[in-house]
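The sequence and the model come first, and the entries follow.

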Amino acid sequence: MPRRRPSRPSRVTPARSTALAVLTQVRERDAFVRDLLDRALSDARLPAEERGFASVLAYGVVSTCGTLDEELDRFLDRPGQVAPAARDALRISAYELLFLRKPAHSAVDQGVELVRSVAPRAAGMANAVLRKVAHAAADFPYGDPERDLAALARSQGFPRWMAGRLNEDLGYDGAACLMRTANGQAPVYLAHNPFAGPLPALLEQLDSQGVETVPVEVEGCLLAQDAAAAVSSSALAEGRMVVADAASQLVASLAAPRDRGAFLEVGAGRGTKTLLLQAQAQRSLGGPARLFSVDNHAFKIEVLTRRMKVLGVPAVTALVGDARRLADVDGLPASFAGAFIDAPCSGLGTLRRHPEERWRCTPADIDRLARLQLSILESTAPLVESGALLTYATCTVTRAENEQVVEAFLNTSEGRRFAPVDLRDTAPDGFRDAVTDEGFVRTRTFPGGPDAHFCAQLRAR
């Protein structure tokens, strides 16, 4: 009987092996990196420096995977025959070479060992390919990103079509800013929950725990100076506040109920904006509105219901229903004193938080979503009472999903009953520059700032 060779001890660093395990799960389960990374880091029990590097690799590779594949495929003889696990490992080293500018010898050596750990017979191929990538890295992104859109897209790890769409809608400088911001860290904004106690008590609790915050010009909105301290504070665990981007809080404050009658929220999701809407009603009206929150996913409505109970948010009726056919949703009143649509969208304004969407989204998705958004507006409009406000919002930047949807709606038989409201009159002073010539709010994302959201408000004649 032949003697078995002793297994070769792994030379792969713990950070890289942890990142590889996360990336494999993201691919196999079509999952989100943020949902998997924290558990993987906890299980691996890595030192702080290794945890940080593993996070950089996992988020970075997910964000730039299409560009990485484009580079790897240039040097692979049979790109379609590379085992998925081996490609995951190759992507990590390609990311180190092209985007982190790691020294070639260490990145290539670790890349070969990573591939060997999942596909031993592919180690030779990995060595040859990664050496070629290392040589090409000196010229990457093959042009001047300040003037060449294709080079800009490669340098930021964006699909070429998406860079072109952003250029059309935001201009070259705006597109470049969004793409560069999408590869950075998102700030942590906090929203005060008035149903769990007054704002001064929350600030005192945060201060006692060393959590420094800066007020933002939206009532109840705070910017955390130390994100880690904020998310680990007892105030968050106790529901005295929630994490919510400042632009999201701005939109909710503009859309919030103007009286304590029946109010409709469409696209409620897991309920963060449900809290924000009721919180603003509590502050401005002295009590909550009768809020009816609709979402087409039953599991999200279950999460929303639990969260409202935990957070102490009253007067919320959560219903499962198709937003394109609201008249068929059991339990909804015949009319509302106001309505808010948090429309399903491509999410291009929140790519810092959802890096997978960069490569999962397609041009056809934007066209499909625009049609869906219009149908939701047409379904909601008949339920809005005369004189009441209908607010439409997205977290994307494409005109096709924003201004053009509103324009198309206003030209429908239902839409002709509505007139746009100029939000310059109600936007906080700090966000006045986000109001467009049409009177809509369009926040821009930039390093250290909030996400990009769109908001249009229409009044029923």
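**Entry 1: salt bridges**

I began with Arg432, which is partly exposed, with a relative accessible area of 36%; here buried means under 20% relative accessible area, exposed over 50% and partly exposed in between, computed with a 1.4 Å probe on protein chains only. The side chain of Arg432 meets that of Asp429 in a salt bridge at 3.3 Å, N to O, and Asp429 is exposed at 54%. By salt bridge I mean a side-chain nitrogen of Lys or Arg within 4 Å of a carboxyl oxygen of Asp or Glu.

Before going on I noted the basis of these values: the model is predicted, local features need pLDDT of at least 70, side-chain atom pairs count only at pLDDT 80 or more, and totals for chains, interfaces and linings use all residues. Residues are numbered from 1 along each chain as its sequence is written, and side-chain values use heavy atoms, with hydrogens and water left out.

The count of salt bridges comes to 26. I then looked at Glu71 and Arg74, whose closest N and O atoms are 3.0 Å apart in a salt bridge. Both residues lie in helix H3 (residues 48–75), three residues apart, about one turn of the helix; helices are DSSP runs of H or I with at least four residues, strands are runs of E with at least two, and both are numbered from the N terminus. Glu71 is buried, with a relative accessible area of 2%, whereas Arg74 is partly exposed at 46%.

Which parts of the chain does the pair of Arg360 and Asp30 tie together? The two form a salt bridge with their closest N and O atoms 3.3 Å apart. Arg360 belongs to helix H15 (residues 357–360) and Asp30 to the loop between helix H1 (14–29) and helix H2 (33–44), so the pair links parts that are 330 residues apart in sequence. Arg360 is partly exposed at 28% relative accessibility, and Asp30 is exposed at 54%.

**Entry 2: the second largest pocket**

A pocket is an open set of points on a 1 Å grid over the protein atoms alone, with protein on both sides within 12 Å along at least five of seven lines; a cavity is a set where a 1.4 Å probe fits but cannot get out, and lining residues have an atom within 4 Å of a point. The space in this pocket is about 260 Å³, where grid points are joined across faces, edges and corners and a volume is the space filled by probe spheres set on the points. H1, H3, helix H4 (84–98) and H15 each supply at least two residues of the lining.

**Entry 3: the sheet**

In what order do the strands of the four-stranded open sheet run? I read the order as S2-S3-S1-S4, with antiparallel pairing, two strands being paired if DSSP finds at least two bridges between them. Strand S2 (213–215) and strand S4 (241–243) stand at the edges with a single partner strand each, so one side of each is left without a neighbour in the sheet. The twist averages 35 degrees from one strand to the next; axes are lines fitted to C-alpha atoms, for helices over the stretch in contact, and angles run from 0 to 180 degrees between N-to-C directions.

S2 pairs with strand S3 (residues 221–224) over three bridges, with Pro215 opposite Leu222 and Thr213 opposite Ala224. The two strands form a hairpin with five residues between them, and Gly220 in the turn has a positive phi of about 85 degrees. Three bridges also join S1 to S3, and Leu190 stands opposite Leu222.

In S3, Cys221 and Leu223 point one way and Leu222 and Ala224 the other way, and all are buried. In a regular strand the side chains alternate between the two faces of the sheet. Helix H9 (residues 199–208) lies across strand S1 (189–192), S2, S3 and S4, at about 10 degrees to S3, with contact taken as heavy atoms within 4.5 Å.

**Entry 4: cavities**

Gly220 is among its lining residues, as are His192, Gln249 and Arg283. S1, helix H12 (246–255) and helix H13 (272–285) each supply at least two residues, and H13 gives the most, with four.
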